[in-house]
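Please look over the sequence and the model first.

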Amino acid sequence: LNGYTTEAVMGMRVIQLFGQEGKARAKFAKLTDDYLRANLRTIFWFALFYPLVEFVLYAMEGTVIWRAAHAISL
């Protein structure tokens, strides 16, 4: 997205010379939409798996503490 934006701004005169403003705008909109979808997908998977990983981590810590306390009390 940044690369295309830089390229379009640097080549603005050429884009205007050949009347390609609409095409450039459409390509930018598609790139922005793709970027948004990728971000939303990343947020979804992060929201799904991060709590699961945290739960497993805390369950393991609890198990270790419980077993250690049980071993000490014997």
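## Basis

The model is predicted: local features need pLDDT of at least 70, side-chain atom pairs count only at pLDDT 80 or more, and totals for chains, interfaces and linings use all residues. Residues are numbered from 1 along each chain as its sequence is written, and side-chain values use heavy atoms, without hydrogens and water.

## Overall form

The protein has three helices and zero strands, in the order α-α-α from the N terminus. Helices (H or I, at least four residues) and strands (E, at least two) are DSSP runs, numbered from the N terminus.

Along the principal axes, the C-alpha atoms fill a box of roughly 85 × 20 × 5 Å. The radius of gyration is 26 Å, whereas a compact globule of 74 residues would have one near 11 Å; the radius is taken over C-alpha atoms, and the globule rule is 2.2 Å times the number of residues to the power 0.38.

Of the 74 residues, 8% are buried (buried means under 20% relative accessible area, exposed over 50%, partly exposed in between, with a 1.4 Å probe and protein chains only). The accessible surface comes to about 6800 Å², and 70% of this belongs to carbon and sulfur atoms. Accessible areas come from the Shrake-Rupley method with a 1.4 Å probe; for residues, only the protein chains shown count as cover.

## A nonpolar patch

F44, W45, L48, F49, L52, V53, F55, V56 and M60 form a nonpolar surface patch with about 940 Å² of accessible area together. Patch residues have over 30% relative accessible area and no salt bridge; like charges are joined within 9 Å, and nonpolar side chains (Val, Leu, Ile, Met, Phe, Trp, Tyr) within 5 Å. A salt bridge is a side-chain nitrogen of Lys or Arg within 4 Å of a carboxyl oxygen of Asp or Glu.

F44 is found in helix α3, residues 21–73. F44 counts as partly exposed because its relative accessibility is 48%.

## Aromatic rings

Rings of Phe, Tyr and Trp (its six-membered ring) pair if their centres lie within 6.5 Å; planes under 30 degrees apart count as stacked, over 60 as edge-to-face and the rest as tilted. By this rule there are three aromatic pairs. F44 and W45 form an edge-to-face pair, 5.1 Å centre to centre with 75° between the planes.

The ring centres of W45 and F49 are 5.6 Å apart and their planes are at 15°, so this pair is stacked. Both residues lie in helix α3, four residues apart, about one turn of the helix. W45 is partly exposed at 44% relative accessibility, and F49 is partly exposed at 42%. F44, W45 and F49 form one aromatic cluster.
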